[in-house]
Amino acid sequence: MVDAIAPRIELVGVSRRFGERLAVERMDLVLEPGRIHALIGENGAGKSTALKMVAGLVAPSEGSVRIGGEPLASVTPRAAMDRGVGMVHQHFMLVEPFTALENLILGVEPVHESAWSKLPLLGPLLFGGRLDLDAARTKARALASDAGLAVNLDARVSDLAVGEKQRLEILRVLYRGAKAILLDEPTAVLSPLEVTELYATLRRLAERGHTIAVVTHRLDEVVRFADDVTTMRRGVKVHAEKLDADARERATETIQRLTRAMMGGDVPETSRRPPIPADAAAVLELQSVHVAGVGSRCLTDVNLTLRSGEVVGVAGIEGNGQRELETVLAGLVRAESGAIRLDGAALFTDGGDKAAMVRDARARGLVVVLDDRHHDEMILDATVSDNLVVGDLGAGGLATSSAVATDEAAVSSRRFERFAVEPRDPGRRGRELSGGNQQKVVMARALDRNIRALVLGQPTRGVDVGTAHVIHEAVGDLAATGAAVLVLSADLNELRALSHRIVVLSEGRIVAELPPSATDEAIGRAMLGVTEDGEAAA
Amino acid sequence: MTPILTPARQRTLLALAGALVVMNLASFGFGEAPLETLGRIWAGTWGTPYGIGQVLFKAIPLLFTGVAFGVALRAGLFNIGSEGQLAMASLAAGFFASKLGAGLPWVVALPLVVAVAALVGGAFAAIAGAMRAKLGVHEIITSIMLNRSADVFLPWALAVGLSVDGVRTAPVAEGARVPPLERWFPSFTGSAASLAFPTAVIVAFAVHAWTRRSRIGRELEWVGQAATVCEAQGIDVARRRMQAMVLSGAIGGLTMMGTVLGYKGYYELGLGAGAGFSGIAVAMLGRGGPVQLTLAALLFGTLAQAGIAINARVPRDAMGVIEAVVILLMGAAAFASSQDEVKSPVPANRKETAG
C-alpha cells in the first residue's frame, strides 16, 4: 500500500441550523494528517453534525468546509469520498444478509475487463459487469493486513460480532480510498479489549499519514489515545488542546479539565452505594434458568439472587448471554427450564402470549430496558412525546379505555423534563434526536414506572458524562428505596460505580462473582472464561 | 405564516400540469385536436353540474377503499384484498337489504344494512389478518388469493339462490336506499352522486381522528413504525394487526353504499370492481390526511369520469395511461419534497408539536 497523503481538513466559520436550533455555531476546526483528533462534548453538542458536514452528509448553513484547501464541490458523501474522506457511523450501515466482502465492494464493484467490453455504447452493457471477486478479495486482504483489521471476508454480516462489523466498516472506507477517516462514537459498542485494539489500528493508520477524527464520550480513551482534542458545548467550540506526554501522565487532571470544559462546570462525584441491610429480602431470583440460543448466545444454569436495595452488575464480552438474560426477564423469550421469581412469586408461569407476559412482568414491577435502543425501545418515526408513553397507554394513570385520557400530557411532560431531553421540543421525531438524548427518553420512560426490580441493558451507551451521572444517581436513588437493580454494561467503570457486586457472563454461564474493586484484568480474565483459584464461581 | 403555495404544493400542481401536457400529446396521437379533448373532458367533469355529480359518484368507492388501504398501511400491512372484501360485502349486504320489509323506516334499515356490509367486509379481511398475525403468512399473498376466492364464490352464490336471474340480487328495500344528492341539489339531476359521498368524507375524517387520538389507533401506527419496539413494550402486535385488517375490510365493505344502495339499488356481478386496486393509488397520493385523501379520490374520480367523456373519440384506455402518468409524477413530486427536508439547511415548516 502506498502511504497515504491525507488532506488537511478545515472548517471555517461553519454553522448549521436545524429549524430554529443552531446545532453548530461559527466553528473553526483543523484536522491534521497523521494525528488522531478527538471531538468531545455532551449529547447534542454538535460533534456528529460537525463531522457529517466534513463527510458531505449535511450542508453547512454558513461557512465553508475545506478539504485539502478546496471547498467541497457538492454536498454529497460521494464528493467527500472523492476527496478522500470516509465516515464510520455510530449505527452500522451494512447489508446484513450480504457477506463482508460483498458489503465492502457495494457501489464500487470491480469487474472483469475484456476487449469486447470496451466497445462503445453496447460494450459495457453486453460484455462488462462480470464481478471480479478475486480482485476484490486480494485488495481487501492487503488493506486489512496492512491496517491490522481482522475481518472474515466470507462470513455473512449478520453472523459477525459487533467489533468485527466495525472493523468491516473501517475497512470499507479504506477500500474506497479514504485518507481521512471520521468515526462517530466508535467505542460505544466495544468491550475494553476491543477499544484498545481499535485505537491500535487507528494509530497505525495515523502513522501512515491518515487523518483520523473520533467522536467519543469516554474521556479516559481520549487521554490515552488522542493527539488533539476539541471540546464542544451547545454547538460552540469551547476548548481545544494538544495532548502531550505530560497531559497523558497526569490523566486525572486532564480528564477533570476536559470535563469542566464540556459541562461548563464540575461534575459532582457519583454517590456511594448505600449499604444493604443484612436482613434485606430477595426481590428478583433466577433459579437454574436455561435459555436456548446459538453458540455462546444462550443462558445455561443461571442462578442469581438480587436483594432489596442491591445493585448487581453483569460484565461479559458481547454475545455471551447478556441479550438472553435481558429478554428472558422482559418476557420476550421463554426460559426452557428454571424459575424466575419476583418478591417470592413465580413470573412467566402461565402459557399466555408474549405481549401478556411482557405486560404481566411490568405490572408486577419488573421493568426492563433492553440494550438495543432502535430495535426494542425507541420508535424513530414517532414523536418524542409518543415515545415517552409507548406501552403505557391503558396502564394505570393513562388511558383506561379506547379514549386517551388527558393526563397523558402530564405524564409525558414529566418524563420529558426528567432528564432535560434536547432539543426542547417533544414534537420532534425520535430519529431527530442524538443517540444520547434517545437514551434519555428511554430511561425516563422506564424509571417513571412502578419498579420493584429494574434490569438495564447498556443504560448509558452513547450518553454524555453529565447525563450518565444523572442516570446513575437515579439508579442509586431507586436502589435506596428498596428496589433491586441488574445492570448489564460493557463499561467496567460504570459497573464499578453502580454495583454492590459484579457477576461475569461467559458462554451463557455466570463464571465469576467479583467485588466492584476488582481490577480490569481480573474481570477481563473472567470474561474470557479463564477461571482462577479463589475467583471462579462455585 | 405558512404560504399557501408551499414548494411541495407547487410541485404537486406542476405534476398535474405535466399530466395534462402528456394527455394532450396522447390525444394528438389519436388524431384529435389536443385542446378539443381537454375541452370535452372539462365539459364532462367539472364543467357542468351533472359532470360534477358524476365525479363525486366515481370518487365514492375510491375514497372508501383509499381510507381502507390507508388504515392497514398505518399498521404496516398491505391490504390488497379490498377488491374481494368490497365484493363480498356488496353481495351480502345487498341480499340482506333485499329481504328487509318494504315499510321499514330508513333510520332502522340503512344502519342495519351498512352494519352487515362492514361486518362481512371485516370478516373476509379477518381471514388474511389472522393468517398474518397467527401464522406469519404475508397478507399480500393471502389477500390476493382471497380476491380470487371471491371471484369464484360470487357467481356461484348468485347462481344457487341469492339472485333473481343469476346475475343480480332482488332490489333492496326502499328504506335502505342512500338518497341521491339531486334531492337537495336539483342541478345534479341525472347523476348518480348520493349521500354516500359526504359519508365517505366523514369516514375519512373520523378514521383519521381515531388513529390520532384513540389508544388502539395510536398503537396501530406504532406497530407499523416499529413492531419490535411495540413487542418489547408490551403492545399486543398480533392483535393490533388483526384489528387494522378487520377495520380496513369493514371500511372497504362500506363501498357498497355508493354502488348498491346509492346507485343501482341491487347488487350485480362486477359492481364496484376495480375500486379495490385504485384505492391503493388514492391512499398513496393522499397519505397526508383526510383532506389530501379526499382530493386524491376526487382526482381519480375525475380521471375515471373523463375517460367516459372522451370515449367516443379517444379510447378510454388512454385515461389509464394518464392515470399512470399522474401517479408517477405525483410520486416524483412527493419524493422531491421529502429530499428537500433532508438536504435543506432550514427544513420545511415543521409539523405542530404534540402535548
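Hi everyone, thanks for coming. A word on conventions: residues are numbered from 1 along each chain as its sequence is written, while chains are lettered from A and ligands numbered from 1 in the order in which they are written. Since we are looking at a predicted model, local features need pLDDT of at least 70 and side-chain atom pairs count only at pLDDT 80 or more, whereas totals for chains, interfaces and linings use all residues.

Let's start with chain A and its domains, whose bounds come from an automatic or database domain assignment. Chain A is split into domain 1 (1-84 + 178-266), domain 2 (96-176) and domain 3 (282-382 + 451-527). The C-alpha centres of domain 1 and domain 3 of chain A are 34 Å apart. How many residues of domain 1 of chain A are in contact with domain 3 of chain A? It is 12 residues, and they meet 13 residues of domain 3 of chain A; contact here is when C-beta atoms, placed from the backbone, lie within 7 Å. On the domain 1 side, helix H7 (192-207) and helix H10 (251-263) of chain A each supply at least two residues. H10(A) gives the most, with three residues. Helices here are DSSP runs of H or I with at least four residues, strands are runs of E with at least two, and both are numbered from the N terminus. By class, that side of domain 1 of chain A has six nonpolar, four polar and two charged residues. For the classes, Ala, Val, Leu, Ile, Met, Phe, Trp, Tyr, Cys and Pro count as nonpolar, Asp, Glu, Lys and Arg as charged, and the others, Gly among them, as polar.

Now for the sheets of chain A. One is an open sheet of six strands, ordered S6-S7-S8-S3-S9-S10, with mixed pairing; two strands pair if DSSP finds at least two bridges between them. At its edges sit strand S6 (85-88) and strand S10 (236-242) of chain A, each pairing on one side only. From one strand to the next, the twist averages 15°. Inside this sheet, strand S3 (residues 36-41) and strand S9 (residues 228-233) of chain A run parallel and are joined by five bridges. His37(A) has Asp228(A) in S9(A) as its bridge partner. Helix H6 (residues 162-175) of chain A packs on the sheet, where H6 touches S6 and strand S7 (180-184) of chain A, and its direction makes about 170° with that of S6(A). Axes are lines fitted to C-alpha atoms, for helices over the stretch in contact, and angles run from 0 to 180 degrees between N-to-C directions.

There is also an antiparallel open sheet of four strands in chain A, in the order S12-S11-S14-S15. Its edge strands are strand S12 (297-307) and strand S15 (345-346) of chain A. Strand S11 (residues 282-294) is joined to strand S14 (residues 337-342) of chain A by five bridges, and Leu286(A) has Ile340(A) as its bridge partner in S14(A). Helix H11 (residues 322-330) of chain A lies across S11, S12 and S14, at about 60° to S12(A).

One hairpin deserves a stop. S4(A) and strand S5 (residues 70-71) of chain A run antiparallel with two bridges. Which residue of this hairpin takes a positive phi? That is Gly68(A), near 60°, in a hairpin with two residues between the strands.

On to chain B, which has domain 1 (1-32 + 315-348) and domain 2 (60-313). Their C-alpha centres lie 27 Å apart. Eight residues of domain 1 of chain B touch nine of domain 2 of chain B, and the domain 1 side has five nonpolar, no polar and three charged residues.

Finally, a helix pair. Helix H12 (residues 275-285) and helix H13 (residues 290-309) of chain B pack at about 135°, with their axes 8 Å apart. That makes H12(B) oblique to H13(B), because angles under 35 degrees count as roughly parallel, over 145 as roughly antiparallel, 65 to 115 as roughly perpendicular and the rest as oblique. Ser278(B), Ala281(B), Val282(B) and Leu285(B) of H12(B) meet Leu293(B), Ala296(B), Ala297(B) and Phe300(B) of H13(B). This contact has seven nonpolar, one polar and no charged residues. Thanks, all!

How values were computed
Contact = placed C-beta atoms within 7 Å.
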